[in-house]
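Subject: Structure handover and notes

Hi,

Here is the structure I promised to pass on to you. Please open it first, and then read my notes alongside.

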Amino acid sequence: MSSATQWWVYVGTKADGRTGGRSLPVLSFDSADGSLALVHTDAGHLPAPSWLALAPGADFLYAACRAEDISAAKPTGIGSLDPDDHFVAAFAVDRTTGALRGPISQQHTVNMGPTHLATNGQLVVTAQYGGGGVTAFRIEAEGVLSPATHVIEHTYGSNVRTDLDDRDARGPQPRQSAAACHSANFDPRGQRVLIPDLGADRVYVYDVDDASGRLAPATVPYYTAAPGGGPRHFAWHPNGHWCYLITEMGATIDA
């Protein structure tokens with residue numbers, strides 16, 4: 001926006017834009033007085049674009065989507081059992097009006113339940129809660145996504161927490177009987193991506209090859225969190241040397 005105190009705010013939701021829900025609202029924020037105003041009500045009529053990532057430069061926005069079966073009586077939280085209902089959508093951003101154009105492309109994540117994504121400007125990487133998957137996509141010309149360039153399926157579950165989680169589309173499952181990737185996080189240089197895995201009590205670390213769109217385990221391939229903690233989200237300190245992990249079931253922050 002033209003004013004130094006005004007910003008566009010893009011909100012991810014679990015609303016279903018196919019049925020008229022405001023699935024991807026755009027707001028204006030004035031940092032001078034703290035006010036928010038709804039500007040655009042939806043873009044692309046997406047199902048549950050719950051996590052969003054702006055590319056560096058803010059010309060493109062990417063959304064992780066996991067559609068529910070709209071005929072089901074109860075939402076599962078991770079989406080339907082149809083692989084076609086799990087995907088990443090790309091939008092072009094009008095930085096003057098805040099409007100989103102698109103989707104300009106849409107690609108399946110292969111594994112189900114994309115719950116988070118991140119971009120370093122060259123790749124988009126998603127983390128799938130269902131199936132414990134990690135998927136990489138190259139960003140092509142004009143922000144368009146390539147088909148998946150690399151898919152990794154985590155298979156390890158710590159089995160520390162065996163209480164049942166009934167939010168799984170397959171029915172109640174032991175919480176840590178299998179992998180459950182919860183977020184994707186590039187390091188400050190965009191050369192590695194870190195994947196907290198709730199089911200494994202690990203944070204996996206992958207080296208990134210932007211040219212091929214592939215990921216390779218780092219020299220130290222994962223960090224082991226406290227047993228039963230359930231790693232969920234991750235954040236870097238602005239100095240690029242410190243980072244913080246929040247655990248869902250342990251309710252801790254690891255520095």
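Below is what I found in it, grouped by topic.

First, some ground rules: this is a predicted model, in which local features need pLDDT of at least 70, side-chain atom pairs count only at pLDDT 80 or more, and totals for chains, interfaces and linings use all residues. Residues are numbered from 1 along each chain as its sequence is written, and side-chain values use heavy atoms, with hydrogens and water left out.

**Sheets**

A word on terms before the strands. Helices (H or I, at least four residues) and strands (E, at least two) are DSSP runs, numbered from the N terminus. Two strands count as paired if DSSP finds at least two bridges between them.

If you want a place to look, Gly133 has Glu153 in β11 as its bridge partner.

Another open sheet of four strands runs β14-β15-β16-β17, again with antiparallel pairing. Here β14 and β17 (214-224) are the edge strands, and each has a single partner, so one side of each is left without a neighbour in the sheet. Strand β16 (residues 202-209) and β17 are joined in the antiparallel sense by seven bridges. Tyr204 has Tyr222 in β17 as its bridge partner.

**Salt bridges**

How many salt bridges does the structure hold? There are seven, where a salt bridge is a side-chain nitrogen of Lys or Arg within 4 Å of a carboxyl oxygen of Asp or Glu. Three of them are described here. For accessibility, buried means under 20% relative accessible area, exposed over 50%, and partly exposed in between (1.4 Å probe, protein chains only).

- Asp59 and Arg95 form a salt bridge, with the closest N and O atoms 3.2 Å apart. Asp59 lies in the loop between β4 (49-54) and β5 (60-66) and Arg95 in the loop between β6 (86-93) and β7, so the pair ties together parts that are 36 residues apart in sequence. Asp59 is partly exposed at 32%, and Arg95 is partly exposed at 46%.
- Arg175 and Glu248 form a salt bridge, with the closest N and O atoms 2.7 Å apart. Arg175 sits in the loop between β13 and β14 and Glu248 in the loop between β19 and β20, so the pair ties together parts that are 73 residues apart in sequence. Arg175 is buried, at 13% relative accessible area, while Glu248 is partly exposed at 25%.
- Asp207 and Arg192 form a salt bridge, with the closest N and O atoms 2.7 Å apart. The pair links distant parts of the chain, Asp207 in strand β16 and Arg192 in strand β15 (residues 192-197), 15 residues apart. Asp207 is partly exposed at 27%, and so is Arg192, at 34%.

There is also a network: salt bridges that share partners join Arg175, Arg232 and Glu248.

**Backbone details**

The peptide bond from Gly102 to Pro103 is cis, with omega near 15°; Pro103 lies in strand β7 (residues 100-108).

Which residues other than glycine have a positive phi? Glu142, in the loop between β10 and β11, has phi near 60° and is exposed, with a relative accessible area of 63%. Ala251, in the loop between β19 and β20 (253-254), has phi near 55° and is exposed at 67%.

**A surface patch**

Finally, Trp242, Tyr244, Ile246 and Ile253 form a nonpolar patch on the surface, with about 420 Å² of accessible area together. Patches are made of residues with over 30% relative accessible area and no salt bridge; like charges are joined within 9 Å, and nonpolar side chains (Val, Leu, Ile, Met, Phe, Trp, Tyr) within 5 Å. Accessible areas come from the Shrake-Rupley method with a 1.4 Å probe, and for residues only the protein chains shown count as cover. Ile246, in strand β19 (residues 243-247), is partly exposed, with a relative accessible area of 40%.
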